[in-house]
Structures are given as structure tokens and as C-alpha cells.
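Here are a few exercises to work through with the model open. Try each one yourself before you read the solution.

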Amino acid sequence: AGPEIAVATTKAYSTQLVLLDMFGVWLAKKTGSIKPSDYALIVEELLALPEKMESVLENIDEIKYLASRYFNHNSVFYIGRNLDYALGLEGSLKLKELSYLHSEAYAAGELKHGPISLITDGMPVIALATQQAVLPKTVSNMKEVKARGAKTLLICRESETVDADAYDFRIDLPEAADEFMPFTAAIAMQLIAYYKAVQSGCDVDKPRNLAKSV
């Protein structure tokens, strides 16, 4: 990836994801716990990632618009299940680091155990729904927060059919296996944080109170 100059890391995050996936599939091949055909398919998916990640950058105007229209509240929630919860942690961290806007990420399945009481009218909730196995449950959580006044932004693959009454805005991502959806979703969230920071007059290169040696 080369040196990560930015204080709020972006490409180093993506590169760590790639390395972990590469190590995992290599280990699976070495131990014989993966079929050769599945191994080849995963490698093919990995090689296709750069082009798919580039395609997210083509939606910059849409993301700029959402950053200006959507984040006019003093708190933002990210919700998701499985890998989407981990993705939410990254999105929330970037938004905090760059725009100084308070944000939290919650496992969507735990909403009813307390966090849902924090939902107020007009609060932005970013729902990550890239994992197909848990998509119906995530959509149900989106409807719960929307019924309590939240403004929901859905981030999912472009082919996904989701009830229109579950979200207010939507960002579509290129098709990929569930395991590789975090790569494109992370870029979308990092761009949201970036443009929100720029629009708020924050210094994205040198966020306050953060220090880094390169």
C-alpha cells in the first residue's frame, strides 16, 4: 500500500483486510479444508476487488450530497449484523476522527437491549446490510428505528431488493461475495466521513488531538 500519510488511516485498513483474507485462504489451502475450486473462486474475487473499489469512487457526487443533506444532527448511529457490525465500527470511527461528530456503532441484534432508547426524531442511522444471510433481520431493525423517527441510510449491494419503507436514502455497492463486501462498503463510509468533515470546515489531514508518526 505504501506509506499511510493520513492520520485517519484508509488504505492501510483496506490492505489489512486483504492480507487477512489472503492469509485465511492460504491457510485453508495448506490444511486441505477448502476445495481447489473454492480456492480459485476466492482468488478470482480478490483480483476483481480493485475494479469494484474504483467503481465506488464514481459515486462521489451522490456521497457528497448525502454528507451535506444527511448529517445535520448531533449524533449518528451505525447498525449492522455479522461483518456489517465490524464495518459499522470503522465507519463510526472515521466520522468521529474527521468530522468530530458523535457516532456509535451497535450490533443491530442488540438494539432492543438499550440502544434503541437513544433514537430521537431525525437522528441519522446508517444501516449496513451487505451480508445476505442476515439481511431480513437487518431490514427489520431498520424499520424499528425508522418507526421511532430515525432517518435511515441503507448501504447494500446494488441487486438487493429492500422494502422502500425501510430507508430514506440508499447507497448501492457493486456485487461481490459476502466476505468481500466490506472492501467497497468501507470506502463508501470513509468518503462519507471525509466529505462531512470538508463541509464542516475540519482539517481532514490533521484531525484535532490525534498524532501520528510516519
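Buried means under 20% relative accessible area, exposed means over 50%, and partly exposed is in between (1.4 Å probe, protein chains only). This is a predicted model, so local features need pLDDT of at least 70 and side-chain atom pairs count only at pLDDT 80 or more, while totals for chains, interfaces and linings use all residues. Residues are numbered from 1 along each chain as its sequence is written, and side-chain values use heavy atoms, with hydrogens and water left out.

**Exercise 1. Work out how β1 sits in the fold.**

Step 1: Helices (H or I, at least four residues) and strands (E, at least two) are DSSP runs, numbered from the N terminus. β1 covers 75-80.

Step 2: Check burial. 6 of the 6 residues of β1 are buried, so the rest of the structure largely encloses this strand.

Step 3: Sort the directions. S75, F77 and I79 point one way, V76, Y78 and G80 the other.

Step 4: Find the neighbours (two strands pair if DSSP finds at least two bridges between them). β1 runs parallel to β2 (residues 102-107) over 6 bridges, with Y106 as the bridge partner of I79. β1 also pairs in the parallel sense with β3, over 3 bridges, and there F77 has V125 as its partner.

**Exercise 2. Take apart the largest nonpolar core.**

Step 1: Such a core is a set of buried Ala, Val, Leu, Ile, Met, Phe, Trp, Tyr and Cys residues joined through side-chain atoms within 4.5 Å.

Step 2: Ask who contributes. Elements supplying at least two residues each include α2 (36-57), β4 (151-157) and α6 (181-199). The largest share, 12 residues, comes from α6.

Step 3: Zoom in on I126. Contact means heavy atoms within 4.5 Å; leaving out residues up to four places away in sequence, I126 touches Y70, F71, V76, F77, Y78, I79, L153 and I155.
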